[in-house]
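Welcome, and please load the model in your viewer.

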Amino acid sequence: MADRGKNLRIDAARLWQSLMEMAQIGATAKGGVNRLALTDLDRKARQLFTRWCEDAGCTVSHDAMGNIFARRPGRDDTLPPVVTGSHLDSQPTGGKYDGAYGVLAGLEVVRALNDADFQTEAPIEIVVWTNEEGSRFAPAMVGSGTFAGVFALADSLAITDADGLTMGQELARIGYDGKGCGGREIGAYFEAHIEQGPILEAAGKPVGVVTGAQGQRWYEINLTGQESHAGPTPMAVRRDALVGAAAIVLAVNRIGHEFQPGACATTGMIVSRPNSRNVIPGAVFLTVDLRHPDDARLAAMDKALRDAAKAAADANGLELAMEQIWSFDATPFDTQCVAAVRGAAQDAGLAHMDIVSGAGHDAIYMAGVAPAAMIFVPCKDGISHNEIESATPEDIAAGGQVLLQAMLERAGGS
Ligand code: GLV
Ligand code: MN
Ligand code: MN
């Protein structure tokens with residue numbers, strides 16, 4: 001990269017201001033964001049992003065998954081683009097930074113390049129991936145996963161929400177259905193994100209050089225027993241699906257503790273039917289999320305979960321239907337992209353450390369089709385997927401500066 005590139009600086013105040021403005025869309029009373037994928041609020045966020053990108057001179061398009069690409073041409077526009085971004089959808093009780101930070105840090109990179117009249121050799125693109133969270137439509141990372149060829153487009157468009165609406169229908173409704181998805185060369189992919197855990201804050205480092213991500217598996221479990229009257233039905237003859245589910249919830253937690261170091265195990269969702277106080281629950285649906293940085297250990301957690309679920313069903317006379325609906329293995333990032341992030345932090349004089357991502361990110365699927373890496377910044381008390389999620393303007397700026405320099409390392413220019 002030419003020396004002039006090394007001297008470029010992002011505008012920290014402008015990045016912060018854009019983040020705060022984006023956080024108004026779907027703002028919650030507790031200071032967070034509720035902007036579920038493909039809702040009217042998601043559309044509003046997409047439109048604001050698009051307006052900002054067009055004002056910054058980018059050409060904006062979207063594909064059949066509603067993934068948005070804002071492109072700043074390169075001096076050699078035939079080169080594969082250096083891409084950055086993240087997501088604008090949130091959890092129902094999400095924070096201001098999860099996803100939006102990576103998107104707006106990308107926008108700030110483009111704005112900073114414009115301010116300096118800096119022309120990159122390769123084109124730069126900012127991407128907004130559709131439905132990263134997997135909250136309204138499961139699984140997570142569907143937009144990037146379809147772009148990367150992990151999911152077939154038709155399957156992704158057919159995913160339904162709890163009301164039976166498909167992603168395809170909702171994309172069309174908000175005006176983000178398009179043509180084609182993926183199948184083009186990406187020069188490199190970088191994603192800035194809050195850490196969503198406590199490690200950087202505890203270490204007092206503003207920058208995490210993300211070397212990879214842990215593996216993850218999602219399950220859906222249906223237990224079927226028998227609905228029956230809460231009074232006349234003797235304890236000995238009950239087939240209480242919620243009691244079986246309770247045993248599974250405790251087993252999931254036990255497995256998480258047993259497979260330390262590194263394991264995470266969560267039951268995030270449970271639906272009991274008919275959910276009436278004097279009816280013995282006849283059917284329960286629950287979800288399990290297992291994670292581990294070591295694939296062999298994750299496979300052992302899977303076995304422990306399956307054994308525990310069968311034991312819980314047998315002990316309570318229940319039918320068990322269990323499906324692993326999604327998984328990905330532990331994913332190392334590209335060593336050169338990781339080195340570009342580390343070098344950028346060093347050049348900017350920012351304290352940094354290597355870190356493995358505990359969360360799922362679009363960069364994981366992008367790592368399958370392009371050299372990829374991530375930049376983490378600390379968040380307060382390591383809390384995320386919570387309306388109180390918080391990060392400092394200084395750390396937000398540090399990650400943005402590292403993103404700019406790492407992208408320039410790959411895109412070149414003067
Ligand atoms: C993504 O938000 C995840 O659950 O890791
Ligand atoms: Mn995220
Ligand atoms: Mn998230």
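A crossing is called left-handed if the near helix is turned anticlockwise from the far one by less than a right angle, and right-handed if clockwise. This is a predicted model, in which local features need pLDDT of at least 70, side-chain atom pairs count only at pLDDT 80 or more, and totals for chains, interfaces and linings use all residues. Residues are numbered from 1 along each chain as its sequence is written, chains are lettered from A and ligands numbered from 1 in the order in which they are written, and side-chain values use heavy atoms, with hydrogens and water left out.

**First stop: two helices.** Select residues 12-22, helix H2, and residues 40-55, helix H3. Their crossing is right-handed. On the H2 side, pick Ser18, Glu21 and Met22; they touch Ala45, Leu48, Phe49 and Trp52 of H3 (contact means heavy atoms within 4.5 Å). These contact residues divide into 5 nonpolar, 1 polar and 1 charged (Ala, Val, Leu, Ile, Met, Phe, Trp, Tyr, Cys and Pro count as nonpolar, Asp, Glu, Lys and Arg as charged, and the others, Gly among them, as polar).

**Second stop: the metals.** Now select ligand 2, a manganese ion: His87 (NE2), Asp98 (OD) and His193 (NE2) coordinate it at 2.0 to 2.2 Å (donors are N, O and S atoms within 2.8 Å of the metal, or 3.2 Å for Na, K and Ca; water is not among the atoms, so sites may look incomplete).

Are His87 and Asp98 buried or exposed? His87 is buried, at 0% relative accessibility, and Asp98 is buried too, with a relative accessible area of 6% (buried means under 20% relative accessible area, exposed over 50%, partly exposed in between, with a 1.4 Å probe and protein chains only).

Terms used: Axes fitted to C-alpha atoms, helices over the stretch in contact; angles between N-to-C directions. Helix = DSSP H or I, 4+ residues; strand = E, 2+ residues; numbered from the N terminus.
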